[in-house]
Amino acid sequence: MEFYQAPWKLVPNKLVRYPGGREIDRFRGVEPAQDDGRPEAWVGSDTLVCYAGEGSTEGYARCILPDGTECFVPEAIQRDPLHVLGKAHVERVGETLGFLVKLLDAQRQLGLQTHPTRPYAAKHFDSPFGKEESWYVIGLREDAKEPPYVLLGFREGNVQEEFAKGYDAEDISAMEACCHKIPVQAGDVFFIEAGAPHAIGGGCFVVEVQEASDITVGAHKLRGPHTLEEEAAHRERLLGCYHYCSRNYEENLQHFRIPPKVIREGDWGRELMLIGPAQTDYFSFTRLEAEKPVELLSTGAVQIAIVLEGDGTFSWQGGSCPVHKAEEWMIPAGVAGLKLTPGSGGCVVVLCNPQGAAPAAGT
């Protein structure tokens, strides 16, 4: 059996970013669970952090291949990109995943920010990827200082002028006041288009699926020594990245919160499209709820899987392996006939797909 003909178990990671991390530990059954300043797990990642220096591997995930050897995901991909990623995927995207999956646990509200479109990223950040992203809320902190929420989308009014005034005055509160504050519940799904203002509030534990980019455009002036010309260029680039689309609260909620849609169901369970082609061309992901054995939909491309609940068994042509809650898996395109047989309590898996590989409704 070739290495790309079986799923790869991913090695759990956590990256140093900002306060948080406890809920990732709890999800994984790690004791003692703690906020250790490592609030993001980059699942199956072949994306580097934005500040990575030459030779850095920070951001890359590690995988365990079928023969038991361990290596970085991009190293494994490069062994045979066509069979790992899929021929059509390589033709569309190249020899890279082109998307990034995270577990993200915010102890406190993250900074107000936005992300660039692909054309803006190419022009201003020398990146082929922008950063459209999405959030699937899978847990909330019961001890959060206030009910968990997100800031997302501009309020109605002349927000472009108000936002710029807040920036010039270095008044982050005034800039946040230009945005809607949305209470969240476990199960909520949001799509955050490039250019939309947003911030994840404290107490939110989410699966984040996005383009393969770590570019973040914040809401503050340059820090450290700089010239007036550098500050002016920074202001233009930062404020120009935001898209000033004003909506009232209900219009905003309808625009950004995405209702899951059933794409198939049977006596085995059901599969829900959480984010798909209706929202973006760059990635998609589904929630597979299995009570009986079910074959996973094949898109001809690589997938990343996170087991949210329960346990079971993956089986494919030539092998099988147990799967358990909180495990992370990469499924190469070369895996044939992959089936999930759930345990007695059922099994729920999030399945994440790259550009152009969304499973079709009714298949």
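In which loop does Asp 126 lie? Asp 126 is placed in the loop between helix 5 (118-124) and strand 6, where helices (H or I, at least four residues) and strands (E, at least two) are DSSP runs numbered from the N terminus. The model is predicted, so that local features need pLDDT of at least 70 and side-chain atom pairs count only at pLDDT 80 or more, while totals for chains, interfaces and linings use all residues. Residues are numbered from 1 along each chain as its sequence is written, and side-chain values use heavy atoms, with hydrogens and water left out.

Asp 126 has a positive phi of about 55° although it is not a glycine. With 72% relative accessibility, Asp 126 counts as exposed; buried means under 20% relative accessible area, exposed over 50%, and partly exposed in between (1.4 Å probe, protein chains only). A positive phi, of about 80°, is also found at Ala 326, which is not a glycine. Ala 326 belongs to the loop between strand 17 (319-324) and strand 18 (328-331), and is buried, with a relative accessible area of 10%. In the loop between helix 1 (22-28) and strand 2 (40-43) lies Pro 32, which is joined to Glu 31 by a cis peptide bond with omega of about -5°.

In helix 6 (residues 159-168), the buried residues are Val 159, Phe 163, Ala 164, Gly 166 and Tyr 167. Seen down the axis of helix 6, these residues fall within an arc of 160°, so they line one face of the helix; the arc is that of the directions from the helix axis to the C-beta atoms. They pack against strand 7 (149-154), helix 7 (172-176) and helix 8 (228-241), contact being defined as heavy atoms within 4.5 Å. Just after helix 6, Glu 170 takes a positive phi of about 55°.

Strand 14 (residues 283-290) contains Ser 284, which counts as buried at 1% relative accessibility. Not counting residues up to four places away in sequence, Ser 284 touches residues including Met 273, Ile 275, Leu 351 and Pro 359. Glu 289 is also in strand 14 and counts as buried at 17% relative accessibility. The side chain of Glu 289 makes polar contacts with the side chains of Arg 270 (2.7 Å) and Arg 287 (2.6 Å). A polar contact is a pair of N or O atoms within 3.5 Å; within protein, one must be able to donate a hydrogen and the other to accept it, and residues adjacent in sequence count only if both atoms are side-chain atoms.

The largest pocket has a volume of about 790 Å³. On a 1 Å grid over the protein atoms alone, a pocket is an open set of points with protein on both sides within 12 Å along at least five of seven lines, a cavity is a set where a 1.4 Å probe fits but cannot get out, and lining residues have an atom within 4 Å of a point. Grid points are joined across faces, edges and corners, and a volume is the space filled by probe spheres set on the points. Of the 36 residues lining the largest pocket, Gly 111, Gln 113, Thr 216, Val 217 and Gly 218 lie nearest its centre. The structure holds one cavity of 30 Å³ or more, and the largest cavity has a volume of about 50 Å³. Its lining includes Gly 153, Glu 193, His 243 and Phe 256.
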